[in-house]
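Hi there,

Here is the structure I promised to pass on to you. Have a look at it first, and then read on for what turned up in it.

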Amino acid sequence: MCIRDRARAAGAGRVIAVARSAAGRRRAREAGADIALEPGDELAAHLRDAADGGVDLVVDGLWGPPAAAAVTAMAPGGRLVQVGNSADPIAGLPGGPFRGGRLDLRGFSVFSESPESRRAGFSELAAAIAAGVVTIPVEEAPIGEVGAAWERLVAGAGGVKLLVRPG
């Protein structure tokens with residue numbers, strides 16, 4: 001089951017992704033996103049258009065200006081779950097949408113979950129990987145080339161895990 005199918009099973013109408021790179025947007029579409037947008041000055045308007053008026057749930061791994069745009073594109077009662085800050089560690093969020101739209105902002109980190117919850121989540125993820133439902137792009141690098149591989153990841157090769165091989 002792809003991301004879109006899982007989201008729809010949970011009640012989503014559309015799955016909208018925002019990714020900083022063309023490769024990230026391609027991966028999002030391949031994973032089942034209905035549309036993949038690029039952050040920018042018009043992101044809030046593009047999000048509202050893609051969501052037919054307002055976004056109900058944002059799982060935000062970017063933070064910074066993309067999170068501020070998402071907040072202004074949210075439907076009343078919407079929720080933003082903050083899970084990362086790959087675009088910027090600081091976000092200047094407008095207060096009006098939170099008050100007027102009664103929006104909810106929550107943080108999530110797997111490290112704050114109980115060991116039992118992490119074990120269950122990782123077991124579910126491992127089963128999905130074993131079944132081929134979930135794939136994780138991995139770049140392998142020998143330890144002598146880890147610096148160059150790390151620089152590629154920092155420069156925007158997001159969505160790829162780095163596996164360092166000894167020797």
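Arg 25 counts as buried, because its relative accessibility is 13% and the cut-off for buried is under 20%. Please keep in mind as you read that this is a predicted model.

What does Arg 25 form a salt bridge with? The partner is Glu 38, and the closest N and O atoms of the two are 3.9 Å apart. Arg 25 sits in helix α2, which covers residues 22–30, while Glu 38 belongs to the loop between β2 (35–37) and α3, so this pair ties together parts that are 13 residues apart in sequence. As a general point, side chains of opposite charge can pair when their charged atoms come close.

There are five salt bridges in the structure, and a second one to look up is between Glu 30 and Arg 26, with 3.3 Å from N to O. Here both residues lie in helix α2, four residues apart, which is about one turn of the helix. Arg 26 is partly exposed, with a relative accessible area of 39%.

Next, go to Arg 79 and Asp 104, whose side chains meet in a salt bridge at 2.8 Å, N to O. Arg 79 is in strand β4 and Asp 104 is in strand β5 (residues 104–107), so the pair ties together parts that are 25 residues apart in sequence. Arg 106 comes in here as well: salt bridges that share partners join Arg 79, Asp 104 and Arg 106 into one network.

Finally, please turn to helix α4, residues 64–72. How many of its nine residues are buried? The count is seven, so the helix is mostly covered, given that buried means under 20% relative accessible area. The buried ones are Gly 64, Pro 66, Ala 67, Ala 68, Ala 69, Ala 70 and Val 71.

Enjoy looking around, and write back with any questions!

Best wishes

How values were computed: Residues numbered from 1 in each chain as written. Predicted model: local features only at pLDDT ≥ 70, side-chain atom pairs only at ≥ 80, totals over all residues. Heavy atoms only, no water. Buried < 20%, exposed > 50% of the residue type's maximum accessible area, 1.4 Å probe, protein only. Helix = DSSP H or I, 4+ residues; strand = E, 2+ residues; numbered from the N terminus. Salt bridge = Lys/Arg side-chain N within 4 Å of Asp/Glu carboxyl O.
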